[in-house]
Amino acid sequence: MTSSPSRLSGRILTPSGWLLGHVDYSDRVLRLHEDSTVSPDRIILPGFIDLHVHGAAGVDIMEGAMEGRNSAEQVARAHAQHGTTALLGTTMTASPASIEHALEGLSAAISERAERGSGMARILGVHLEGPFISAKRLGAQPNVVCSATLEVVRHYHAIAPIKVLTLAPELSGHLALIPQLNELGIRVQIGHSAGSYEDGLAALQAGVAGFTHLFNGMTPLNHYQPGIVGAALAHAQFAELIPDLQHVHPGAMRAAIRAIPQLYCVTDATSATGMPDGEYALGSQRVLKCLGCVRLASGSLAGSALTMDQALRNLCEIGIDLAAASHMLSRNPADYLGLPDRGRIEPGAWADLLAFDSDLQLTSVVIEGEALTLQPAPHSAKDSAP
Ligand SMILES: [Zn+2]
């Protein structure tokens, strides 16, 4: 907790639009005031909220906590350096013992709520990505899939709070399970699914809230068979998108942005994020990072090496307005999790604040009032750009 108020000045994105002036904050935003003498070159945006994070800096969340180090905390520290102020630690499809081990590590990082480690993004909870997915749409998930039961999910949920759960709705028993998971406070997303448009529609009617990395790992849109992508574009309020310009063509990104009112961006970042080209772990699999991409030996994309500040620049590069891009990185994911005091800069909200120069390079990160010391990036995106 900070005692005396601090201040950031510049062109500030507020819920009612841009304001040239100052934001005063302690751990929460205290005041906004207009001042026409402030330079408009400095841009102040709300902190990024990333609801799909597997790793960074050579560390995978599936490593759990061991020998005095907690992988979830290391990952939360690495992403904070790129403007992520809150995230969901995301597990991979794995054996029950491996998932339990990862959840135990996450639990230790989440439960110390008042004591968020210094320099760390707030870990809001867990995104359980598998094992309740289709063997036909594994992507980079290993083939140890199974159908979910309420007992198993309850067991995992008791170890660490699951906020988001990805499943394939066409698997036996899943449709009936969706409302029961909602009752536990879990948002259910369709992902890694070989289901039809009709399966997607039935799942939405049963209480599905979103779609996991839209377009990737699901049946595509064909005008005779609209698939899971068609169900999302036609009916979804929320969906994830990976804007690394590798997973989804900019044209498909634009179609989704136009169709889905509260589309939000995630990194799906792996341990290779922020690291030089080479071989890394993704859960139990080995992946290769090369030319900004992370791939399995088969060549299929295996998560990303994306950071949220690069996501912002990518969205602007394809012509998305800066305020609209910010909403997809901050406000929409906060709204999805039902967090009215995150993802926006207004009095009473958490002081999760980012400052950028006119090239959209990050210059300051404030998490719940704590101003971070930014480390110079040893391997910048420019080094690994194709
Ligand atoms: Zn993932």
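**Entry 1**

I started with strand 2 and strand 3 (residues 29-34), which run antiparallel and are joined by five bridges. Before going on, I noted that this is a predicted model, where local features need pLDDT of at least 70, side-chain atom pairs count only at pLDDT 80 or more, and totals for chains, interfaces and linings use all residues. Residues are numbered from 1 along each chain as its sequence is written, and side-chain values use heavy atoms, with hydrogens and water left out.

My strands and helices are DSSP runs, numbered from the N terminus (E, at least two residues, for strands; H or I, at least four, for helices). I call two strands paired if DSSP finds at least two bridges between them.

I looked up a partner in strand 3 and found Arg31 bridged to Asp24. Three residues lie between strand 2 and strand 3 in their hairpin. Going back a step, I saw strand 1 (residues 6-14) pair with strand 2 (residues 17-25) over nine bridges in the antiparallel sense. Here Ser6 has Tyr25 of strand 2 as its bridge partner, and the hairpin that joins strand 1 to strand 2 goes through two residues.

For contact I used heavy atoms within 4.5 Å. My axes are lines fitted to C-alpha atoms, for helices over the stretch in contact, with angles from 0 to 180 degrees between N-to-C directions.

How many of the residues of strand 11 are buried? I got eight of eight for strand 11 (residues 122-129), taking buried as under 20% relative accessible area, exposed as over 50% and partly exposed as in between, with a 1.4 Å probe and protein chains only.

Strand 11 pairs with strand 10 (residues 84-91) in the parallel sense over six bridges, and Thr91 has Leu128 of strand 11 as its bridge partner. Strand 11 also runs parallel to strand 12 (residues 162-167), with four bridges; there I found His127 opposite Val164.

Strand 12 and strand 13 (residues 187-190) pair in the parallel sense over four bridges.

I then took helix 4 (residues 174-183) and helix 5 (residues 197-206): their axes come within 8 Å and cross at roughly 30 degrees. That makes the two helices roughly parallel (under 35 degrees; over 145 is roughly antiparallel, 65 to 115 roughly perpendicular, the rest oblique). On the helix 4 side I listed Leu175, Ile178, Pro179 and Asn182, which meet Ala202, Ala203 and Ala206 in helix 5.

Last, I looked at helix 6 (residues 227-235). Seven of its nine residues are buried, so helix 6 is largely enclosed by the rest of the structure. Among the buried ones I noted Gly227, Ile228 and Leu233. Their cover includes strand 13, helix 5, strand 14 and helix 7 (250-259).
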